[in-house]
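Subject: A structure for you

Hello,

Here is the structure I promised to pass on. Please open it and keep it beside you while you read. My notes follow.

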Amino acid sequence: MAIVFIITRFVEGHMASTRLFTLKRHLPELFELEHLLARAGDRARATVLSEIEVADSLLPIHAIELGSTAPDAPLLGLIGGIHGVERIGTQVLLAYLHSLLERMRWDDSVGCQLAGLKLVIIPIANPGGMYHNRRCNPNGIDLMRNAPIDAKGKVPALLGGHRLSRLLPWYRGPKGAPMEPELRALYDFMSGQISGRPFSLTLDVHSGFGFKDRLWFPYAGAFEPIRDLNVMYRLNRLFVKTFPNHGLYQVEPQAHSYTTHGDVWDLLYDNSLRQQPAATFLPLTLEMGSWLWVKKNPRQLLRYRSLFHPELPHRRSRILRRHYPLLDFLMMAVASYGNWMKTKPEQIHKDNRAAIKLWYDGEATT
């Protein structure tokens, strides 16, 4: 009996070790994140939003909170990994989190800055998709097409979201079905975080469209200007004046590139307008232009996942550091929003007119 017990324990231990090795090989970003959390101690507050079953393992969706715990503190949310194949977005956020946690050990200015806002980071919003190196989640559904909101007007065939088959990319899921568990967890958590705050801003980090990095703002599903267009105009102007030599980003409404159904940030934005009309919530998307990486390294065309990720180590290192100024800027802008966001009606009207001229060629009206 003792021999059978020892053999059984050995087999179970071997199987567990094999699963751990497989998990680390497929999802090293999760191990890096949990290592950072272990080292952070009480400098970070971590919550598991949901657990997704993949390959006999439960993969957590971690949300990390830093800074103020005041319910009315301004909020900055950083989200990555909604598309599992776009790993570089997760890695950018992990590198930034690593830098923040290290600086908190010795740099008093970081603590002072974080005291003025709440910072929330969700680096791996779709752990199952990232484990499988797929854009979609394990159910074959594109989470950025899955929210219960339809575009106004025509969308590109397939690309804009469809309900034909999960075997095709950009599948929205069955009509009338609840949101996928990953998206429901993200939506519920962010709804709760935004509620009651006078100013909130989120940055959702992606890769894979075009030769230039883009900063998108709503709407993804409509060409109409958002109510807070003046705030977006003022924020963009602030960034350009603060970093006049940066020039990385093409700032525009997402619909100028393409329109989509089911964008969760459109849904959250519209719900915020209805539920707290006096507050400001501005969801942004960073779309890193991965076509440039492929152009410089055509061999990446041979593997699907390489279309969205810089394969060469020096290029990956460059991407990991090139967005630090933007992330730092957003932290400063959120913490000090009262210093740059204009509230007088005449200034709001003036900024709206300038924004329409900049982004809508004078064709839209507010």
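**Cysteines, and how to read the model**

Cys112 is exposed, at a relative accessible area of 59%. Exposed means over 50% relative accessible area, buried means under 20%, and partly exposed is in between (1.4 Å probe, protein chains only). Cys136 is buried, at 17%. A search of the whole structure turned up 0 disulfides. A disulfide is a pair of cysteine sulfur atoms within 2.5 Å.

This is a predicted model: local features need pLDDT of at least 70, side-chain atom pairs count only at pLDDT 80 or more, and totals for chains, interfaces and linings use all residues. Residues are numbered from 1 along each chain as its sequence is written, and side-chain values use heavy atoms, with hydrogens and water left out.

**The whole protein**

The protein has 13 helices and 8 strands. These are DSSP runs, numbered from the N terminus (helices: H or I, at least four residues; strands: E, at least two). There are 366 residues, and 54% of them are buried. The protein exposes about 17100 Å², with carbon and sulfur atoms supplying 57% of that. Accessible areas come from the Shrake-Rupley method with a 1.4 Å probe; for residues, only the protein chains shown count as cover.

Now look at contacts (heavy atoms within 4.5 Å). Take those between residues at least 6 apart in sequence: 79% of them join residues at least 24 apart.

What span should helix H7 have, at 1.5 Å a residue? The rule is 1.5 Å times one less than the number of residues. H7 has 14 residues (229-242), so it should span 20 Å; its end C-alpha atoms are 20 Å apart, which agrees. Its buried residues include Leu229, Val231, Tyr233, Arg234 and Phe239.

Helix H11 covers residues 324-335, which is 12 residues. H11 should span 16 Å, and its end C-alpha atoms are 17 Å apart, which agrees. Buried in H11 are Leu326, Leu327, Phe329, Leu330, Met331, Ala333 and Val334.

**Salt bridges**

How many salt bridges does the structure hold? It holds 15. Each is a side-chain nitrogen of Lys or Arg within 4 Å of a carboxyl oxygen of Asp or Glu.

Arg45 pairs with Glu65, and their closest N and O atoms are 3.8 Å apart. This pair links distant parts of the chain: Arg45 is in strand S1 (residues 45-54), Glu65 is in strand S2 (residues 57-67), and they are 20 residues apart. Arg45 is partly exposed at 29%. Glu65 is buried at 11%.

Asp142 and Arg135 also form a salt bridge, at 2.6 Å from N to O. Asp142 and Arg135 are both buried.

Lys152 and Glu224 meet at 3.3 Å, N to O. They too link distant parts of the chain, 72 residues apart: Lys152 sits in the loop between H5 and H6, Glu224 in the loop between strand S6 (213-217) and H7. Lys152 is exposed at 54%, and Glu224 is partly exposed at 35%. Elsewhere, salt bridges that share partners join Arg39, Glu102 and Arg105 into one network.

**The loop between H5 and H6**

His162 lies in this loop. Is His162 buried or exposed? It is buried, with a relative accessible area of 7%. Leaving out residues up to four places away in sequence, His162 touches Leu168, Pro169, Trp170, Tyr171, Arg172 and Gly173.

Trp170 is in the loop as well. It has a positive phi of about 70 degrees, although it is not a glycine. Trp170 is partly exposed at 24%.

Leu158 lies in the loop between helix H5 (127-131) and helix H6 (181-194). Leu158 is partly exposed at 33%. With Leu164 and Leu168, it forms a nonpolar surface patch of about 260 Å² accessible area together. Patches are made of residues with over 30% relative accessible area and no salt bridge; like charges are joined within 9 Å, nonpolar side chains (Val, Leu, Ile, Met, Phe, Trp, Tyr) within 5 Å.

**Two backbone details**

A cis peptide bond joins Pro218 and Tyr219, with omega at about 15 degrees. Tyr219 is in the loop between S6 and H7.

Ala55 has a positive phi, near 50 degrees, and is not a glycine. It lies in the loop between S1 and S2. Ala55 is partly exposed at 44%.

Best wishes
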